[in-house]
Amino acid sequence: MTTIIFESPLGLVQVTGDEAGVSAISCVNVSADEPVSASIPEPVSQAVQQLADYFAGTRKTFDFLINPAGTTFQQTVWKALLNVPFGTTLSYLALTRRIGDEKAIRAVAAANGKNPLWIVVPCHRIIGSDGSLTGYSGGLWRKKWLLEHERGGTGQLVLF
């Protein structure tokens, strides 16, 4: 398993993966004994380059190999998240309907919160039915930044 740390506009990002794919991408608070990585080895180099392209505004989708660990239900939710297009948002209720169980809204929200692949599996695109940003494990300021970034930095969010 390879883990690296790199700088992004939203702080430090940790990427972990192996030959089976990238298993985790997250924002981190790094201590002095965990410096930013000097080199980016395989198998995470493609992920780091694509994330850098995303932050630069030149990439809207990701095509590197991913391998997130989760329950069957979590995997179902994460696959549904992959179908929420760049620059758009979807409500938790609409996401729940997409997976076929409107009554599972709390479980869908919990699975969304456990997403181990920050940005790549776009949990930041899921908002409240009333248009509110709601919770985000990376902090609401990061969620807002990501949504505005995907809208071209206009500050205008398109709901649904």
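**Figure 1. Arg97 and Glu102 form a salt bridge.** Arg97 counts as partly exposed, at 49% relative accessibility. Its partner is Glu102, and the two side chains meet in a salt bridge of 2.9 Å, N to O. Glu102 is partly exposed too, with a relative accessible area of 44%. The model shown here and in the other views is predicted. The count for this model comes to 4 salt bridges.

**Figure 2. Arg125 forms a salt bridge with Glu150.** The closest N and O atoms of Arg125 and Glu150 are 2.8 Å apart. Arg125 lies in the loop between helix 4 (105-113) and strand 5 (126-127), while Glu150 lies in helix 5 (residues 140-150), so this pair ties together parts that are 25 residues apart in sequence. Are the two partners buried or exposed? Arg125 counts as buried, because its relative accessibility is 5% and the cut-off for buried is under 20%. Glu150 is buried, with a relative accessible area of 5%.

**Figure 3. Lys144 forms a salt bridge with Glu148 in helix 5.** The closest N and O atoms of this pair are 3.9 Å apart. That counts as a salt bridge because the cut-off is within 4 Å. Lys144 and Glu148 are 4 residues apart in helix 5, so about one helical turn separates them. An α-helix has 3.6 residues a turn, so residues three or four places apart point the same way. Lys144 counts as partly exposed, at 43% relative accessibility. Glu148 counts as partly exposed as well, at 22%.

**Figure 4. Helix 5 has buried residues on one face.** Which residues of helix 5 are buried? They are Arg142, Lys143, Leu146, Leu147, His149 and Glu150. Seen down the axis of helix 5, these buried residues fall within an arc of 160 degrees, so they line one face of the helix. They pack against strand 3, helix 1 (45-56), helix 3 (92-98) and strand 5. Gly152 follows helix 5, and its phi is positive, near 85 degrees.

**Figure 5. The buried residues of helix 4 share one side.** Val108, Ala111 and Asn112 are the buried residues of helix 4. Around the axis they cover an arc of only 105 degrees, which puts them on the same side of helix 4. What covers these buried residues? The cover includes helix 2 (72-81), helix 3 and strand 5.

**Figure 6. The largest pocket is lined by 14 residues.** Its volume is about 190 Å³. Which lining residues lie nearest the centre of the largest pocket? These are Lys60, Thr61, Phe62, Leu82 and Val120. By class, the lining of the largest pocket has 10 nonpolar, 1 polar and 3 charged residues.

Figure 7. The volume of the second largest pocket is about 150 Å³. Among the residues that line the second largest pocket are Ile25, Ser26 and Cys27. Others include Gly113, Asn115, Pro116, Trp118 and Cys123. Tyr136, Ser137 and Gly138 also line the second largest pocket.

Technical notes. Residues are numbered from 1 along each chain as its sequence is written. This is a predicted model: local features need pLDDT of at least 70, side-chain atom pairs count only at pLDDT 80 or more; totals for chains, interfaces and linings use all residues. Side-chain values use heavy atoms; hydrogens and water are left out. Buried means under 20% relative accessible area, exposed over 50%, partly exposed in between (1.4 Å probe, protein chains only). Helices (H or I, at least four residues) and strands (E, at least two) are DSSP runs, numbered from the N terminus. On a 1 Å grid over the protein atoms alone, a cavity is a set of points where a 1.4 Å probe fits but cannot get out, and a pocket is an open set with protein on both sides within 12 Å along at least five of seven lines; lining residues have an atom within 4 Å of a point. Grid points are joined across faces, edges and corners, and a volume is the space filled by probe spheres set on the points. Ala, Val, Leu, Ile, Met, Phe, Trp, Tyr, Cys and Pro count as nonpolar, Asp, Glu, Lys and Arg as charged, and the others, Gly among them, as polar. The arc is that of the directions from the helix axis to the C-beta atoms. Contact means heavy atoms within 4.5 Å.
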